[in-house]
Amino acid sequence: MKRGLIYLFILCHSVGNLLAQDAGSTFQFLQLPVSSHAAALGGDNTSIVEDDITLAFHNPALLANASGNTLNLNYMSYLQRTHVASAAYNMLVGERSELAFGAHYLNFGSMKNTDAEGNVIGNFSAKDMALMTMYSFEFTDRISGGVTGKFIYSNYEQVYSLALGVDLGLNYYNPETLFSASVVVRNLGGQVKTYDGIHESIPFNLLVGFSKELAHAPIRLSLTLTDLDKWQASDFYNSSDDSWKDILLKHFIIGADILPTPNTYVSVGYNFLLRSELKNNAKRSLEGFSIGAGLNVNRIKIGVSYGKYHVAASSLMMNFAVGI
């Protein structure tokens with residue numbers, strides 16, 4: 001308990017340094033999607049209520065909907081020779097609470113190490129990793145909350161950095177109206193060991209999400225508002241009507257699920273910020289769009305998605321989970 005209080009104090013003490021822009025933050029791999037379903041809905045989602053442990057990576061409150069004793073493995077292709085993997089396992093620890101352990105790993109592969117003259121003197125590797133403990137609790141039949149504690153590690157050749165972080169989430173779900181609403185705070189915390197003595201923030205994000213399944217059609221619509229902590233008054237000064245629209249839309253992620261059966265889904269999504277950051281004006285492209293599908297049979301869950309999270313390559317993500 002004493003260690004937990006010290007940990008909480010360190011995290012809260014670091015909050016004041018978190019509101020800087022992401023341009024000055026490190027551990028950017030924490031912003032990559034883990035759930036193929038969330039990825040298919042535009043790259044992020046905090047409000048869909050399903051028996052899917054991977055959604056807890058996006059909102060720890062959603063862990064409350066996952067079946068206990070589930071082992072989950074995930075993989076995503078990223079850049080050339082770069083791979084992203086994650087895993088999680090959860091268990092019931094009470095009538096209304098669940099506990100899960102997870103890991104998120106990014107490996108940049110082997111790279112050439114050169115001296116000041118450009119001579120190759122060997123190879124080195126670079127990697128990022130986060131180890132997580134997730135906990136959720138159902139306050140009522142419709143409201144659940146969750147917290148994720150993160151130990152974050154990064155190693156680039158001879159330098160490394162350590163950080164502590166925490167995610168907080170709330171979810172409201174009404175099974176009668178099939179409406180869900182969530183609020184999530186991600187990556188409260190900061191570095192405890194810097195690369196070179198200069199402290200950098202980790203990618204803080206405030207999100208609000210809504211999902212609504214239509215009463216008379218097998219369709220669920222989602223809206224996720226992201227980076228709500230990154231408004232700047234200067235963005236609106238002397239802005240035209242079109243500029244205002246662009247500024248606002250960059251915080252929007254929209255998605256839709258088609259639910260042919262209770263055990264299957266097909267998803268599409270659109271992320272306005274990704275579209276803005278990745279689009280190439282020289283040609284038409286599908287930056288910002290994503291698509292995916294999933295199957296859940298006898299406690300075996302499979303999900304796949306396709307999207308683009310870097311200007312240099314598209315990504316294919318696969319989720320696999322099994323009850324044990």
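Start by selecting Lys301: is it buried or exposed? Lys301 is buried, at a relative accessible area of 11%. Here, buried means under 20% relative accessible area, exposed means over 50%, and partly exposed is in between (1.4 Å probe, protein chains only).

Before you click on, some housekeeping. This is a predicted model, where local features need pLDDT of at least 70 and side-chain atom pairs count only at pLDDT 80 or more, while totals for chains, interfaces and linings use all residues. Residues are numbered from 1 along each chain as its sequence is written, and side-chain values use heavy atoms, with hydrogens and water left out.

**Salt bridges**

The side chains of Asp51 and Lys301 form a salt bridge, 3.8 Å from N to O. The term stands for a side-chain nitrogen of Lys or Arg within 4 Å of a carboxyl oxygen of Asp or Glu. This one joins distant parts of the chain, 250 residues apart: Lys301 is in strand β13 (residues 300-310), and Asp51 is in the loop between α2 (36-40) and β1 (70-77). Those labels come from DSSP runs, with helices (H or I, at least four residues) and strands (E, at least two) numbered from the N terminus. Asp51 is partly exposed, at 27% relative accessibility.

How many salt bridges does the rule give? The count is ten.

Next, pick Asp167 and Lys150, whose side chains make a salt bridge at 3.0 Å, N to O. Asp167 is in strand β6 (residues 159-174) and Lys150 in strand β5 (residues 143-156), so this bridge ties together parts 17 residues apart in sequence. Asp167 is buried at 2% relative accessible area, and Lys150 is buried at 5%.

Go back to strand β13 for Lys308, and select Glu287 with it. Their side chains meet in a salt bridge of 3.0 Å, N to O. Glu287 sits in the loop between α4 (272-278) and β12 (289-297), so the link to Lys308 in β13 ties together parts 21 residues apart in sequence. Both Glu287 and Lys308 are buried.

To finish this stop, highlight Glu50, Arg220 and Asp257, which a network of salt bridges links.

**Aromatic rings**

Rings of Phe, Tyr and Trp (its six-membered ring) pair if their centres lie within 6.5 Å; planes under 30 degrees apart are stacked, over 60 edge-to-face, and the rest tilted. The whole structure has seven aromatic pairs. In one of them, the ring centres of Phe108 and Tyr156 are 6.1 Å apart with planes at 75°, so the pair is edge-to-face. Phe108 belongs to strand β3 (residues 97-114) and Tyr156 to strand β5, so they tie together parts 48 residues apart in sequence. Phe108 is partly exposed at 25% relative accessible area, and so is Tyr156 at 30%.

Then zoom to Tyr160: Lys193 lies over its face, 4.4 Å from the ring centre. That label requires NZ of Lys or CZ of Arg within 6 Å of the ring centre and within 35 degrees of the ring normal.

**Two backbone stops**

Most residues other than glycine have a negative phi. Asp227, not a glycine, has a positive phi of about 55°. Find Asp227 in the loop between β9 (219-225) and α3 (241-249), where it is buried at 9% relative accessibility.

Last, select Asn298 in the loop between β12 and β13. Asn298 also has a positive phi of about 55° without being a glycine, and it is exposed, with a relative accessible area of 72%.
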